[in-house]
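Have the viewer open and follow along.

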Amino acid sequence: MSQTYLKLNNGLEMPQFGLGVYLIPDGKETIAACLNAFKLGVRHIDTAHAYQNERGVGEALKQSGLKREEVWITTKLWPTEYGEGKTLKAIDKMLERLQTDYIDLLLLHQQVGDYIGAWKDMEKAVADSKVKSIGISNFKENLEDLLAHAKIKPAAIQVECHPYFPQHELKKRIAEYGTVLESWYPLGHGDPQLINEPVFTKLAQKYGKTNVQIILRWHIQEGNSVFPKTTNLQHMHDNFDIFDFELSAEDMAEIAKMNKGKRYYTATLEEQKHFTQWKPED
Ligand SMILES: NC(=O)c1ccc[n+]([C@@H]2O[C@H](COP(=O)([O-])OP(=O)(O)OC[C@H]3O[C@@H](n4cnc5c(N)ncnc54)[C@H](OP(=O)(O)O)[C@@H]3O)[C@@H](O)[C@H]2O)c1
């Protein structure tokens, strides 16, 4: 079995599995992580302006020798870059940092600031072929407002999602738009309590896999895109080695019982407004 793809609402196919590079320092660490992932066959990198490592991702893309169209790059705009006119300039800077002439998927990182103005510019960037697909991240209270103003409906929504918080309610809210869900903190940010849940240990023994592989396979079968962060070569190899087995319907039902409505990140909309106070460096 080989890696799987998700068909987006614009017809494009995105590799379902990728490497997340949040908290990987820019420069040699990000370059090495991406190059190692590419060597394994991973073809999807999830970065953001706020991670301050887009340059490393772009450099790895260049050094890899892969054709641009072989790799899927997702990046995200920060609220201080939102606004009609302003966002287009921010996109041009992103393209420079990534050393590319297009972005596969561009997301609004947060639901605060002038996200409607930003979305208008993102739609223009699609028309100008600078961006292929556009989407959102961390939208909750302002989701329907964005959807009401959007001519292009979001191709993806990236949110915290793992077996303790599987996001089934959100999936119902976006179902009619064909928006795919992308899981952040897919391993609970590496939470040992989640990873070592007895259900996963039992299923790991059943399938001859690790607990983490069972969790990642659950994301895949839930239909989510997943891009765990790791710089550890063995972890990277194992994380991608999840396309040769399938969890049964009974196993999926057992994992569904682990939903306890637990989020690791709990900032209120009011608290999220502080995101407009911090500006990532160009
Ligand atoms: N849109 C947003 O607001 C948002 C927020 C957070 C994250 N994200 C995206 O989602 C990605 C993933 O989230 P995350 O990095 O915070 O959390 P995560 O992927 O759930 O967890 C990462 C942690 O799990 C460990 N890990 C990875 N593979 C492992 C394995 N096979 N065995 C044991 N431990 C393993 C890593 O340590 P090692 O490095 O030691 O392997 C790291 O400490 C990010 O990189 C980013 O792209 C987006």
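**Starting from strand S9**

S9 is a mostly covered strand, with five of its five residues buried. Keep in mind as you look that this is a predicted model. Val180, Glu182 and Trp184 point one way from S9, Leu181 and Ser183 point the other way, and all are buried. To reach S9 from S8, the chain passes through helix H6 (residues 168-174), and this β-α-β crossover is right-handed.

Now for the neighbours in the sheet. S8 and S9 run parallel and are joined by five bridges, with Glu160 standing opposite Trp184 in S9. S10 also runs parallel to S9, and here two bridges do the joining. In that pairing, Ser183 stands opposite Val226 in S10.

Step off the end of the strand and you come to Tyr185, in the loop between S9 and H7. Have a look at its backbone: phi is near 50°, a positive value in a residue other than glycine. Is Tyr185 buried or exposed? It has 22 C-beta neighbours inside 10 Å, and the cut-off for buried is 20 or more, so Tyr185 counts as buried.

Asn138 has 22 other C-beta atoms within 10 Å, so it is buried.

Which element gives the most to the shell around the ligand? Helix H10 (residues 233-240) does, with three residues. In total 24 residues surround the ligand, and the closest are Gly20, Tyr22, Gly190, Lys229 and Thr230. By type, the shell divides into twelve polar residues, nine nonpolar and three charged.

Ile152 has 15 C-beta neighbours inside 10 Å, so it counts as partly exposed. Leaving aside residues up to four places away in sequence, it touches Glu123, Val126 and Ile134. Gln3 is 149 residues from Ile152 in sequence, and the two are 28 Å apart in space, C-alpha to C-alpha.

Finally, zoom out. The chain has twelve helices and ten strands, and 44% of its 282 residues count as buried. Its C-alpha atoms fill a box of roughly 55 × 40 × 35 Å along the principal axes. A compact globule of 282 residues would have a radius of gyration near 19 Å, and the chain, at 18 Å, agrees with that. As for contacts with a separation of 6 or more, residues 24 or more positions apart account for 74% of them.

Notes: Residues numbered from 1 in each chain as written. Predicted model: local features only at pLDDT ≥ 70, side-chain atom pairs only at ≥ 80, totals over all residues. Buried ≥ 20, exposed ≤ 12 C-beta atoms within 10 Å, placed from the backbone. Contact = placed C-beta atoms within 7 Å. Near = placed C-beta within 6 Å. Helix = DSSP H or I, 4+ residues; strand = E, 2+ residues; numbered from the N terminus. Nonpolar A, V, L, I, M, F, W, Y, C, P; charged D, E, K, R; others polar. Pairing = 2+ DSSP bridges. Right-handed = clockwise from strand over helix to strand, strands pointing away. Rg over C-alpha atoms; globule rule 2.2 N^0.38 Å.
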